[in-house]
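Below are some short notes on the model, for your review.

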Amino acid sequence: MRFLSVRLLGVLALAFAALISPSVAQAEVKALLVASNYDKAQDEQLRLANPIADLRLIRSSLRSTNVRDLTVLEEPTAQDWQEGFDAWLDTLSGDDIGLFYYAGHGFQFDGLNYLLSSDGVSLIPLDALVGQITARARGAVIIIDACRNNPFFNAEPEAALDIIEIDGTTRSLSFIRLEDMSGAGDGLAQLGNLRGLSAVAFFSTEPGNVAEDGDQPGKGSPFAIEFAKQIDRRQSLDEVFRKTAIAVNKRTDERQSPWRQGDLAFDVFISGMRALPIP
């Protein structure tokens, strides 16, 4: 009888928690992970040591969570980006949380952020990607470990990067000259299309700063290492972000401070909620 009473109290406590926490998301999380080391790019200055290792760290952690729908794109060309992103986007419904993770080169130009395809010749507009996700899903979680350096300081004056059109939101700009990219600011800019409470973005460092790639090739960046430690724990996404930021700041001797933008109207628990203590 005592055992039954304890179990009953536990059930009632859980029910009460559900009643007082209507903002907790019960939606399915569908993740797309993308990364490039640029090993096959003609320009050797594009080479990075850890993005693929970063992706695999995050993938390993997510596999131990509640995420069951996990899509991975390693070293995607421009065509791979288009096809892979569109296919993943088609899986999203209005009840889902779309989680997008990217590790590789990222740049800001004219107030917009761009991600670089693995061939090193095409740019994917990040703001447009976010807009596509928020249009399909209940909410978007955007994780970007991209602003590592600008390898185009010594670019040929006439060389240019193509821009992959996503939903026609690139201001009709079809290419960017590398000469202009060489003068782009460090790091990434704030996202310009986070309306309402439809999306939250978590960057590996603050706007205008450069994120570290990691001291050991194949071992992961400081951000990926710490984020992977937190994402598979039973805690809210807000806690994941805060604890990751604190740990990265400490690991890099305060050179790098992860930064968030935007918010969601509900709590997200990638690995589930903490179990309530039984009275």
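**Notes on the predicted model**

The model is predicted. The protein chain exposes about 13200 Å², and carbon and sulfur atoms supply 50% of that area.

1. Overall make-up. The protein chain has 279 residues, of which 51% are buried. Its secondary structure consists of seven helices and eleven strands.

2. Contact range. Taking contacts in the protein chain between residues at least 6 apart in sequence, 74% link residues at least 24 apart.

3. Helix H6. This helix spans residues 222–231 and is mostly covered, with nine of its ten residues buried. The buried residues are Pro222, Phe223, Ala224, Ile225, Glu226, Phe227, Ala228, Gln230 and Ile231.

4. Ser118, position and burial. Ser118 sits in the loop that runs between strand E5 (112–116) and strand E6 (122–125). Is Ser118 buried or exposed? Ser118 counts as buried because its relative accessibility is 6%, and the cut-off for buried is under 20%.

5. Ser118, surroundings. Leaving aside residues up to four places away in sequence, Ser118 touches Ser36, Tyr38, Ala41, Glu75, Pro76 and Thr77. With Glu75 there is a specific atom pair to check: the side chain of Ser118 reaches the backbone oxygen of Glu75 at 2.9 Å.

How values were computed:
Residues are numbered from 1 along each chain as its sequence is written. This is a predicted model: local features need pLDDT of at least 70, side-chain atom pairs count only at pLDDT 80 or more; totals for chains, interfaces and linings use all residues. Side-chain values use heavy atoms; hydrogens and water are left out. Helices (H or I, at least four residues) and strands (E, at least two) are DSSP runs, numbered from the N terminus. Buried means under 20% relative accessible area, exposed over 50%, partly exposed in between (1.4 Å probe, protein chains only). Contact means heavy atoms within 4.5 Å. Accessible areas come from the Shrake-Rupley method with a 1.4 Å probe; for residues, only the protein chains shown count as cover. A polar contact is a pair of N or O atoms within 3.5 Å; within protein, one must be able to donate a hydrogen and the other to accept it, and residues adjacent in sequence count only if both atoms are side-chain atoms.
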